[in-house]
Amino acid sequence: MNLANNDLPNHFELLATDGAARTGRLTTPHGVVRTPAFMPVGTAGAMKGMHWREVRDAGADIVLGNTYHLMLRPGAERIAALGGLQTFTGWNGPMLTDSGGFQVMSLSDLRKVTEHAVTFRSHIDGAKVELSPERSIEVQRFLGSDIAMQMDECVRLPAERDDIDRAMQLSLRWAERSKRAFESAPEGYMLFGIVQGGDIPQLRHASAEGLTAIGFHGYAIGGLAVGEPQAVMLAMIDETAPALPADRPRYLMGVGTPDDILEAVKRGIDMFDCVMPTRNGRHGVAFTRFGQVNLRNARHADDPRPLDEESTWPSARSYARAYLHHLVKAGETLGAMLLSEINIAYYQFLMQGIRNAIAHGTFEEFYQRTREDWARGDIAPR
């Protein structure tokens, strides 16, 4: 059955381009998302170590929830009965949910993939669970996310070509089933297709062509940032992004470092997500204009200076490095909280700078200046 791309309304407005870099506006039922956008990850309906107001104040327009974790606990039907994920969590803004497929593949040792579905054992209680494209969409509709993702199979790299091809073809068939299952969603809600194909350009092209023929509100590039070198990831973006419809949003899943994001924006990517800002914060690492700063390092123990006196985020300006070092070394929860919010704020600061630069036609200058700041490194020890 031929499902044409133009049978779906477009909620994305491209506002400006600078080279391949793009800035735009994505309108969702819960608000507008400015792109390029970084989506902080609230895996189980919460941002680890942060309140939603801090996520919002830092500049995030949209966050990500995880279908796999939420369907297992507290349960999609329960969340629906309580008003949906935004009401349940108190975020009340745009939200994207992944399909759950990646977590099934990565977290469950006991799984079986068939044409119909994936069956696996819950990592919580060992219960047997089946996740099909139809069930994945049903769960995401129960959650009420503004953007749902198709069910796909993600293969970790490196992998054999035959296995990558098999998973890509299966993902295409699941994409058609996901779209049909999504047909009853209310107006304004979106479904994104996911390009697979590993590190093989021909398979990436075939996947992009197949998804475009099916037709989605937006398109994601999946199966990257799964162990391959950055050069391979960027090469696959170079191959894939131009093959996707220019008038639809492009989402690079699970990426990544500020460096990854800057390079991907340069290649035409609009949306990102990653657990790195909060995960690294919990381990004593801050993201700043100077690159990554490890607060566990003894050089900070007697340093009264803040992380970045010019930061737009108060916690980065007001807390001494010595105090942050103490909190991290003492295992105090406040240390993880402060560094998580500092990191989320830096990511949003970076995205705002990117958007402004594209809008003013100065992205290449911003790109070079940002890379020079990172290369210069942290301020000298006292």
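Predicted model: local features only at pLDDT ≥ 70, side-chain atom pairs only at ≥ 80, totals over all residues.
Let's start with the largest pocket. There's about 1000 Å³ of space in there, and 43 residues line it. If you want to find the middle on your screen, look for Phe 102, Gln 103, Gly 254, Asp 273 and Val 275, which lie nearest the centre.

So which elements each supply at least two residues of that lining? Four to look for: helix 5, at 101-107; helix 9, at 230-240; strand 14, at 271-274; and helix 11, at 276-282. Helix 5 gives the largest share, with five residues. As for what the lining is made of, we've got 18 nonpolar residues, 16 polar ones and nine charged ones.

Okay, now over to one residue, Asp 146. You'll find it in the loop between helix 6, which is 133-143, and strand 10, which is 147-149. Is Asp 146 buried or exposed? Its relative accessible area is 0%, so it counts as buried.

Who's around it? Setting aside anything within four places in sequence, Asp 146 is in contact with Thr 28, Pro 29 and His 30, then Gln 86, then Gly 93, Pro 94 and Met 95, and finally Tyr 189 and Met 190. With Gln 86 there's also a side-chain to side-chain polar contact, at 2.8 Å.

How values were computed: Residues numbered from 1 in each chain as written. Heavy atoms only, no water. 1 Å grid on protein atoms, 1.4 Å probe; cavity = no way out; pocket = protein on both sides within 12 Å on 5 of 7 lines; lining within 4 Å. Points joined across faces, edges and corners; volume = space filled by probe spheres on them. Nonpolar A, V, L, I, M, F, W, Y, C, P; charged D, E, K, R; others polar. Buried < 20%, exposed > 50% of the residue type's maximum accessible area, 1.4 Å probe, protein only. Contact = heavy atoms within 4.5 Å. Polar contact = N/O pair within 3.5 Å; in protein donor to acceptor, adjacent residues only side chain to side chain.
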